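Trainee: I would like to go through the labels used for this model and ask what each one rests on.
Mentor: Go ahead, and we will set each value against its cut-off.

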Amino acid sequence: MPQCSVAPMMEWTDNHFRALARILSRCSWLYTEMVVAETIVHHENDLERWLEFPAAQHPIVLQLGGSNLANLSKAAKLVSAFGYDEINFNCGCPSSKVAGHGCFGARLMLSPRLVGEAMQAIAEESSAPVTVKCRIGVDDSDSYDQLCNFVSTVSSLSPTRHFIIHARKALLEGLSPAQNRVAPPLKYEYVLALMRDFPDLQFTLNGGITTVEQVNYLITDKGVNGVMLGRAAYNTPWCTLARADSCIYGMPERRITRRQVLREYEEYAESVIGKYGNNKPGIRVLVKPVANLFHGEKGSSRWRQAIDEHVRHAKASNTLSSFSLRFVLSSRFPEFFRAAGEDNGGSSIFCAGLSSIL
Ligand SMILES: Cc1cc2nc3c(=O)[nH]c(=O)nc-3n(C[C@H](O)[C@H](O)[C@H](O)COP(=O)(O)O)c2cc1C
């Protein structure tokens, strides 16, 4: 079964975005943001905060970062109690912050043996399959042969059978992480060549994919084993994730509306707000995932402004009860649903909320 996955993205891929993603797509694989092995080891007695996830989020992949074998091994052991479906190792992050710590992120691609040993150390402690997310190269080490050497070394030293490849090289100096996601050109042909040269391994292609049609094309016409969506899943969740199950996995169309999506998300948000004390998670992080739900619709910028306004107001009064997703996300804005052709007059709690507020 080909995989459509939602990329790890620091500052975005928290439990809350994944909750929304899971409402939109039952089948896509969801990645966590990267958790550094040292963080896991350091918080050994307080791991729920970092690693707990709602059961509804399966299949879910934990992405680990680091390069210290002992810490990676210990982290993998600690993680195994949480039931992730896969453990992924970050060999793609070009941030100077992490690359500066000796060997970390994309810089690890320059040390294939170390990555192979790290993957073996993780696999020994993990009951879940282990995978690598990497680039096609780093700085001047960007030939196809060097990429092959990386893949063959890692897969021969460890049980890694699946590589998720962001199909552009990383430049470790001179470019910010954001520039590193657009500047070096994408070379999908490298990933297609890997499929040809390593038929026993699996490859997921990542980078620059924006529509489910492109995902389908890559899976059906080009035969890739999986496609990973990063920014598109976050920026246009309705056009991508809400269509993934039927367009990519061939499931019957669910005909879910954004009104229903918001209602489900609201239930989730109300069940977790303030769970960790000190208003954590708070209103802002809980509302953030739905900010792009009307992307592309007329008036979507007003939607975002309204959310910001409500969050400011709710934060100022500093009580959980002042927070109502129902209020901000539906009652005040029935026109969004009408504009999006979704105001079907259903007797949802949103309509009830509307009459009690107005
Ligand atoms: C804000 C941001 C944070 C990211 N954080 C991570 C990360 O923690 N781990 C990782 O492997 N990739 C990370 N990435 C890279 C994405 O997973 C993905 O490889 C990249 O955005 C290219 O895919 P896209 O063109 O579909 O967005 C991040 C990307 C963005 C935009």
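Trainee: Which residue does UniProt list for "active site"?
Mentor: UniProt lists Cys93, in an unreviewed entry. In this predicted model, Cys93 sits in the loop between β5 (86-91) and α5 (96-99).

Trainee: Why is Cys93 called buried?
Mentor: The cut-off for buried is 20 or more other C-beta atoms within 10 Å. Cys93 has 25 other C-beta atoms within 10 Å, so Cys93 is buried.

Trainee: How far apart are the C-alpha atoms of Cys93 and Leu62?
Mentor: They are separated by 15 Å, and the two residues are 31 residues apart along the chain.

Trainee: Which residues carry the UniProt feature "binding site"?
Mentor: The unreviewed entry gives a list that includes His166, Asn206, Gly230 and Arg231.

Trainee: What makes His166 a buried residue?
Mentor: His166 has 27 C-beta neighbours inside 10 Å, and the label needs 20 or more. His166 therefore counts as buried. His166 is part of strand β7 (residues 162-166). Not counting residues up to four places away in sequence, His166 touches Gly92, Arg135, Asn206 and Gly207.

Trainee: Is Asn206 buried or exposed?
Mentor: Asn206 is buried, because 24 other C-beta atoms lie within 10 Å and the cut-off is 20. Asn206 belongs to strand β8 (residues 202-206). Leaving aside neighbours within four places in sequence, the contacts of Asn206 include His166, Ala7, Met228 and Gly230.

Trainee: Which residues come nearest to the ligand?
Mentor: Of the 23 residues around the ligand, these are Ala7, Met9, Met34, Gly230 and Arg231. Among them, Met9, Gly230 and Arg231 are also in the UniProt "binding site" list.

Trainee: How does the shell around the ligand divide by class?
Mentor: The shell has 10 nonpolar, 8 polar and 5 charged residues.

Trainee: What are the bounds of the two domains in the domain assignment?
Mentor: Domain 1 is 3-247 and domain 2 is 258-357.

Trainee: How do you know that the two domains touch?
Mentor: A contact needs C-beta atoms within 7 Å. On that test, 14 residues of domain 1 are in contact with 15 residues of domain 2. On the domain 1 side, α1 (15-24), α10 (231-235) and α11 (237-247) each supply at least two residues. Helix α1 gives the most, with 6 residues. By class, the domain 1 side divides into 9 nonpolar, 3 polar and 2 charged residues.

Trainee: What are the confidence scores of the model, and what is the mean pLDDT of the chain?
Mentor: The model scores ipTM 0.99 and pTM 0.90. The mean pLDDT of the chain is 86, and 85% of its residues reach 70 or more.

Trainee: Where does pLDDT stay under 50?
Mentor: That applies over residues 344-358. For this stretch the model has 19 contacts beyond four places in sequence.

Notes. Residues numbered from 1 in each chain as written. Predicted model: local features only at pLDDT ≥ 70, side-chain atom pairs only at ≥ 80, totals over all residues. Near = placed C-beta within 6 Å. Nonpolar A, V, L, I, M, F, W, Y, C, P; charged D, E, K, R; others polar. pLDDT = per-residue confidence, 0-100. UniProt positions renumbered as here; feature names shortened; annotations may be inferred. Helix = DSSP H or I, 4+ residues; strand = E, 2+ residues; numbered from the N terminus. Buried ≥ 20, exposed ≤ 12 C-beta atoms within 10 Å, placed from the backbone. Domains from an automatic or database assignment.
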